[in-house]
Amino acid sequence: MTRKKKIYKKKGKVIRDLTLKIFKILKEDSSKTYNHKQISAKMGISDTDGKTQVLKKLVELHETKKIKEVDRGKYQINEDRKYHIGTLDLTSNGNGYFMSDDFEKDIFIPSINLGKGLHQDTVKAFVYKKRRSSKLEAEVVEIIERKKTEFVGVLQMNKTFGFVIPDSQKMSADLFVSQNKLNGAEDGDKVVVQMTDWPENSKNPFGKITQVLGKPGDHETEIHSILLEYGLPYEFAEEIEKEAENLPIEITETEIGKRRDMRKDLTFTIDPKDAKDFDDALSFTKLENGNYEIGIHIADVSHYLQPKTILDDEAYDRATSVYLVDRVVPMLPEMLSNGVCSLRPHEEKLTFSAVFEMNEKTQIVNQWFGRTVTYSDQRFAYEEAQAIIENCKLSDSIEPYTMPLDISIIDKEYEVTPEIVEATLKLDELAKKLRKKRMKAGAISFDRVEVKFDLDEKANPVGVFFKESKDANKLIEEFMLLANRKVAEFIGFSKGKETKNTFIYRTHDEPNIDKLASLQNIINKFGYKINTETKEKTSQSLNKLLADVQGKGEANMVETLAIRSMSKAAYTTQNIGHYGLAFDYYSHFTSPIRRYPDVMTHRLLQHYLDGGTSPKSDEYEVKCKHSSQMEEMAAKAERSSIKYMQIKYMKDHQDEEFEGVISGVTEWGIYVEISSNKCEGMVRIRDIKDDYYIFDEKQYAIVGQSSNNIIQLGDKVVVKVKNTDLERKHLDFHLISH
């Protein structure tokens, strides 16, 4: 007798892709009916919790008419149902895709079938099979909910009316604005327009201008445009600033008495040299038993940011600080982010700490979590800590280290005490052991090069450089990862089993198999392979791939494609572990100045330390979802600001030729990434004059019809700037040689 294939995979509390798995079973024989026990058995689910999840999902699918209840508790696929609810994903060429839990794959929507649907709208769609084909297509029949109704664009005036041409290439329709709704805007202004109506017989939606941002190409106008395009603020309301200024900031003896006093422990911070908000510090003490007490001290934002205040509401709405090329748009007013909460040197601060007793093998012998008061003895930039690591050695008699003038952040040589030198070196040694353990457990190492710009006083890019993660960066990273992991374990896992306590987890699902297959097809062309037989082999081969491409022309492209094959990390109360870090439990505890989920983590941790019972998870799940969405918006804004600055940089280098690598191939052109500065632009097929080229999807190439010349992904080319479009963040190249 053959053993049933067990397709149920349970990590923590939640069954992944449950809707799709139920549909797959019901579709096997659409004439059969199944109850929740039979479906659970087919999935290999035997525990009560799993069966309950199946039952709840069946009820939910029946209520939304996705399945039929033929008899009491017996369900069947709803074959009559051809209308489905989902989300639109529009492409820049005017077509789109329909994404729905009802289907395993996204369904193509030709532009003619989009109706009045816009990017990311929730819609009802009619799904059908194409004639003479088994492929599905969809047609939008109803707009359920608009994702956004405000757009950023440029006003083009006619005599008595205007059209706003949106910056986003995924916004296919220009917005008509009548003369009485211009709000003072003039021809050529960059504006914010709100969609007010889309009449049945109109090709274009109607709108009104709510804000005039300035002239296209102006730096401040474009930066504000980026933020507003993603629904992100760029300043605090006056009442918010006042509320922050009126906070009591004195650290009283009464408050110190409620906390563990760690002011005498050797403590220091390591941050970027231009940082102003220092939300984490490390303390280091050698114990008599040969072990080390290491404190990871985090700004106690939750002490100042109280629930149900306008400050807290604003922080929640923002959910994250936004890091653009030339500025930070903080989650908290400067009074908090750069002032009272920032762990500045030689100042007493209120902190929330994770304190570990660790031996030479980096085993945790004891741990403690709670509120503290600390005092930072020293502030380092990463470059300064790196200088200590590279120039000093652990020994019985450690000498003071003189920080060189060219590295010093105080613009003069200064002496670092032997105690701090020793602490830095020992923490670096322990961090390397922690990292080695993590990699051995299956963590994936995405040590990507960051593009940075040298800006002049007017925020114009005068140079491009790459920021690398060195030992000092990794030292901080490992101890922050340790604190995040141990806090999550402390709440989520007790006495050998998982608890039911509501908590904020940072989760990362396993890679998408289809995306990994696509990655394999591409990297084959460069002679690389990945092994996806097991979870462990997948992570090992991905790490080997990332190591093998280092320094190669295709490195950035392969790393980008590898990242895209990964699932997105998210905040949730439902723990499934973190695949990329190889942690079963992981949270965000270490950056409450810039991330709202960390504030929630601090509040819940203190609640449990005080003996509180588990609150209901529903409210926190909503907050987690909002935080994940805002994080995604912030990341898009950050990428847009980099793209904007790259185009601005290339505008001043139009006469130069650049070597690059083909990073993408489409039916309308090839994308080229310049090797020296990572700027990416397009060579349009129509601009390649030596032959008539056609897109070959299987080869990731375009092929010349007369010469059979193949220009494909990963090829090295030489290009020159053809056109720079700052408003639309687009860069066009001429192909000089291939």
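## Chat about a predicted chain

Reader: Does Asn 543 count as buried or exposed?
Author: Asn 543 counts as buried, because its relative accessibility is 17%. Buried means under 20% relative accessible area, exposed over 50%, and partly exposed in between, using a 1.4 Å probe and protein chains only.

Reader: What kind of model is this?
Author: This is a predicted model, in which local features need pLDDT of at least 70, side-chain atom pairs count only at pLDDT 80 or more, and totals for chains, interfaces and linings use all residues. Residues are numbered from 1 along each chain as its sequence is written, and side-chain values use heavy atoms, with hydrogens and water left out.

Reader: Back to Asn 543: where is its place?
Author: Asn 543 lies in helix H14, residues 535–548. Helices (H or I, at least four residues) and strands (E, at least two) are DSSP runs, numbered from the N terminus.

Reader: Which residues is Asn 543 in contact with, leaving aside neighbours within four places in sequence?
Author: Asn 543 is in contact with Met 439, Ala 443, Ile 444 and Ser 445. Contact means heavy atoms within 4.5 Å.

Reader: What about contacts in the chain as a whole: what share join residues at least 24 apart?
Author: The share is 64%, counted among contacts between residues at least 6 apart in sequence.

Reader: And how many helices and strands does the chain have?
Author: There are 17 helices and 39 strands in the chain.

Reader: How does its radius of gyration stand against that of a compact globule?
Author: The two agree, because a compact globule of 738 residues would have a radius near 27 Å and the chain has 28 Å. The radius is taken over C-alpha atoms, and the globule rule is 2.2 Å times the number of residues to the power 0.38. Along the principal axes, the C-alpha atoms fill a box of roughly 80 × 70 × 60 Å. Of the 738 residues, 49% count as buried.

Reader: A change of topic: how many aromatic pairs does the structure hold?
Author: The structure holds 15 aromatic pairs. Rings of Phe, Tyr and Trp (its six-membered ring) pair if their centres lie within 6.5 Å; planes under 30 degrees apart count as stacked, over 60 as edge-to-face and the rest as tilted. Tyr 97 and Phe 108 form an edge-to-face pair, because their ring centres are 5.6 Å apart and their planes stand at 70°.

Reader: Which parts of the chain does that pair link?
Author: Tyr 97 is in strand S6 (residues 96–99) and Phe 108 is in strand S7 (residues 107–109), 11 residues apart. Tyr 97 counts as partly exposed at 32% relative accessibility, and Phe 108 counts as partly exposed at 27%. Phe 583 and Tyr 586 form a tilted pair, 5.7 Å centre to centre with 40° between the planes. Both Phe 583 and Tyr 586 are buried.

Reader: Which residues do ring pairs link into a cluster?
Author: The cluster comprises Phe 161, Phe 163, Phe 176 and Phe 206.

Reader: Now the backbone: what phi does Ala 459 have?
Author: Ala 459 has a positive phi of about 65°, although it is not a glycine. Most residues other than glycine have a negative phi. Ala 459 sits in the loop between strand S26 (450–455) and strand S27 (461–467), and it counts as buried at 13% relative accessibility.

Reader: And where is Ala 582?
Author: Ala 582 is in the loop between strand S31 (570–572) and helix H16 (596–609). Ala 582 has a positive phi of about 60° and counts as partly exposed at 29% relative accessibility.
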